[in-house]
Amino acid sequence: MRNNRKIALMGAFIALAMVLSYFESFIPVFIAVPGVKPGLANIVTIIALKELGLKDAFVISIARIILSGILFGNITVILYSLAGAILSILAMSFLSKIKIFSVTGISIIGGVMHNLGQVIMASLLLDSGSIMYYMAVLTVTGTVSGALVGILAGIIITRIDFSGKN
Amino acid sequence: MSEESSKKRLINKFDIILFILLIILGACAFLIIKFTRAEGKTVNIYSDGELTESFSLDDDTEYVYIWEDGNNVIVIENGYVYVSHADCPDKVCVNQGEIKNDGETIVCIPHRLVIEVDE
């Protein structure tokens, strides 16, 4: 992919991910467990991982978290999101390489790992191991939202040609 | 494009197995945690990881937790503890509702607050 095109695409991806995470902040917490969110910005992360690779997906994700955190959140939000995103991207990148799961399975693991990263960060920040109990509920919600995000990302990848060759 | 065929496959059987396994795992873990817990007796309030206050679950009371310029109103009523009001942005602590079992927690991340029911 040509460099200019890649830079433009990454900019668009960061903007799109920011819009999705902002949009998501309007969805009320419908379950009384912290961390239950659809994770719409992960759609962008998965597309970036598939189309651009690990390094660029990382840059996009971290830029999105820091920019959204500064604009709409605070330092704690940034710390949580970073812990979740780093674990999630590393796990998804690994699964993409071993080629057992399709994009949906990769996204499911991404969703669950995102929650795991956040729960670990919460345990560290609050110095309380009992928060790990939330992981039971978050495994279920992370799996469901991860599956939906993966299907959406998969549909987008098959419909849109990001390489710009056509 | 050689990748075209793999791209078109949105879901394979391993994804479905993974989905089902994780749902079962999460649900079992949730049920085990839920049903193996005894009712607690005391409510411990942790601020930034340190125990600051302790109350009995049997005595109805109201306690205002203060963190920097924010606060959470913690209510103990009929053997349950809950957060009735908070000025944090996300209100997760209020939405977490009532708890009473040993080991259950209510967390307010912006105010570094953990409310934990203990034996």
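This is a predicted model: local features need pLDDT of at least 70, side-chain atom pairs count only at pLDDT 80 or more; totals for chains, interfaces and linings use all residues.

Reply: Residues are numbered from 1 along each chain as its sequence is written, and chains are lettered from A and ligands numbered from 1 in the order in which they are written.

β6(B) and β7(B) pair in the antiparallel sense, over four bridges. Strands here are DSSP runs (E, at least two residues), as helices are (H or I, at least four residues), and both are numbered from the N terminus; two strands pair if DSSP finds at least two bridges between them. Within this pairing, Thr105(B) has Glu116(B) of β7(B) as its bridge partner. The two strands form a hairpin with four residues between them, and Arg112(B) in the turn has a positive phi of about 50°.

β7(B) also pairs with β1 of chain B. Strand β1 covers residues 42-47 and strand β7 covers residues 113-118, and they pair in the antiparallel sense over six bridges. Val117(B) in β7(B) is the bridge partner of Val43(B), and Leu113(B) is that of Ser47(B).

These strands belong to an open sheet of four strands in chain B, with the order β2-β1-β7-β6 and antiparallel pairing. Its edge strands are β2 (50-56) and β6 (105-108), each of which pairs on one side only. On average, neighbouring strands of the sheet are turned by 15° against each other, direction ignored; the axes are lines fitted to C-alpha atoms (for helices over the stretch in contact), and angles run from 0 to 180 degrees between N-to-C directions.

Is β7(B) largely enclosed or open? Five of its six residues are buried, so β7(B) is largely enclosed by the rest of the structure. A residue is buried if 20 or more other C-beta atoms lie within 10 Å of its own, exposed if 12 or fewer, and partly exposed in between, with C-beta atoms placed from the backbone.

As for confidence, chain B averages a pLDDT of 87, and 93% of the residues score at least 70; pLDDT is the predictor's confidence in each residue, from 0 to 100. The model scores ipTM 0.86 and pTM 0.79.
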